[in-house]
Amino acid sequence: MRQLFFVTLLALTAVSAARGAEVSFLNSSGSLSADLPFSEAVRVGDTVYLAGQLGALPGELTVVPGGIVPESRQTLENIRNTLKAHDLDMSDVVKCTVMLADISEWGAFNEVYAEFFSKPFPARSAFASNGLALNASVEVECIAAYSD
């Protein structure tokens, strides 16, 4: 996970340097605890890279009880709230990366995901991940873009 973070950070730096785009660190939605050592989102030009979100209630460090369905719903609500805080919505999302503690729950996650996104769907990757933070069942990170 750390390696992915550093690769992403390196890519952001390269994009910024190559295009001279302004980089803004965004931390105003309250969906993540203020004590965490990362920004909830980073804007580079018209692109916004959201930090991974878990199914925790805003500002808390405990995932909601009940497993994949309530966690997925809370995760996507957290993403929606973060986007809204920065004048974006779910239709502005262009890419999601989904990490599941148990890949057999992919179908259950998809059912909840379809409640938050509609056609045309963002590009998406999903994979199994051992040991998500807070012993979560799911983590989702997204990339969104401001449109003209």
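Both Phe109 and Tyr113 are buried in this predicted model. The two residues form an aromatic pair of the tilted kind, with 5.6 Å from centre to centre and 40° between the planes. Because Phe109 and Tyr113 are four residues apart in helix 3, about one helical turn separates them. A further tilted pair joins Tyr113 to Phe117, here with 4.6 Å between the centres and 35° between the planes. These belong to a structure that holds two aromatic pairs, and Phe109, Tyr113 and Phe117 form one aromatic cluster. Tyr113 counts as buried because its relative accessibility is 5%; Phe117, at 4%, is likewise buried.

The protein comes to three helices and six strands, and from the N terminus on the elements run α-β-β-β-α-β-α-β-β. An open sheet of six strands shows mixed pairing and the order 1-2-3-6-4-5. Strand 1 (23–26) and strand 5 stand at the edges with a single partner strand each, so one side of each has no neighbour in the sheet. On average, neighbouring strands of this sheet are turned by 15° against each other, direction ignored. Within the sheet, strand 4 (residues 93–100) and strand 6 run antiparallel and are joined by seven bridges.

Helix 2 packs on it and touches strand 3 (47–50), strand 4 and strand 6, with a direction that makes about 25° with that of strand 6. Helix 3 (residues 106–116) also packs on the sheet, where it touches strand 4, strand 5 and strand 6; its direction makes about 150° with that of strand 5.

Leaving aside neighbours within four places in sequence, Asn78 is in contact with Ser31, Gln53, Leu54, Ala56 and Pro58. Arg80 also has its place in helix 2 (residues 68–85), yet Arg80 counts as partly exposed, since its relative accessibility is 33%. Not counting residues up to four places away in sequence, Arg80 touches Met90 and Phe116. From Arg80 to Ser91, 11 residues away in sequence, the C-alpha atoms are 9.9 Å apart in space.

Ala136 is found in the loop between strand 5 (123–128) and strand 6 (138–145), and a relative accessible area of 4% is why Ala136 is buried. Beyond its neighbours within four places in sequence, Ala136 is in contact with Leu54, Val63, Glu71 and Ala101. Met99 lies 37 residues from Ala136 along the chain, and 9.8 Å separates their C-alpha atoms.

For the protein as a whole, 39% of the 148 residues count as buried. Among contacts with a separation of 6 or more, 66% are between residues 24 or more positions apart. The accessible surface comes to about 8,200 Å², and 55% of it belongs to carbon and sulfur atoms.

Definitions and conventions. Residues are numbered from 1 along each chain as its sequence is written. This is a predicted model: local features need pLDDT of at least 70, side-chain atom pairs count only at pLDDT 80 or more; totals for chains, interfaces and linings use all residues. Side-chain values use heavy atoms; hydrogens and water are left out. Helices (H or I, at least four residues) and strands (E, at least two) are DSSP runs, numbered from the N terminus. Buried means under 20% relative accessible area, exposed over 50%, partly exposed in between (1.4 Å probe, protein chains only). Contact means heavy atoms within 4.5 Å. Accessible areas come from the Shrake-Rupley method with a 1.4 Å probe; for residues, only the protein chains shown count as cover. Two strands pair if DSSP finds at least two bridges between them. Axes are lines fitted to C-alpha atoms, for helices over the stretch in contact, and angles run from 0 to 180 degrees between N-to-C directions. Rings of Phe, Tyr and Trp (its six-membered ring) pair if their centres lie within 6.5 Å; planes under 30 degrees apart count as stacked, over 60 as edge-to-face and the rest as tilted.
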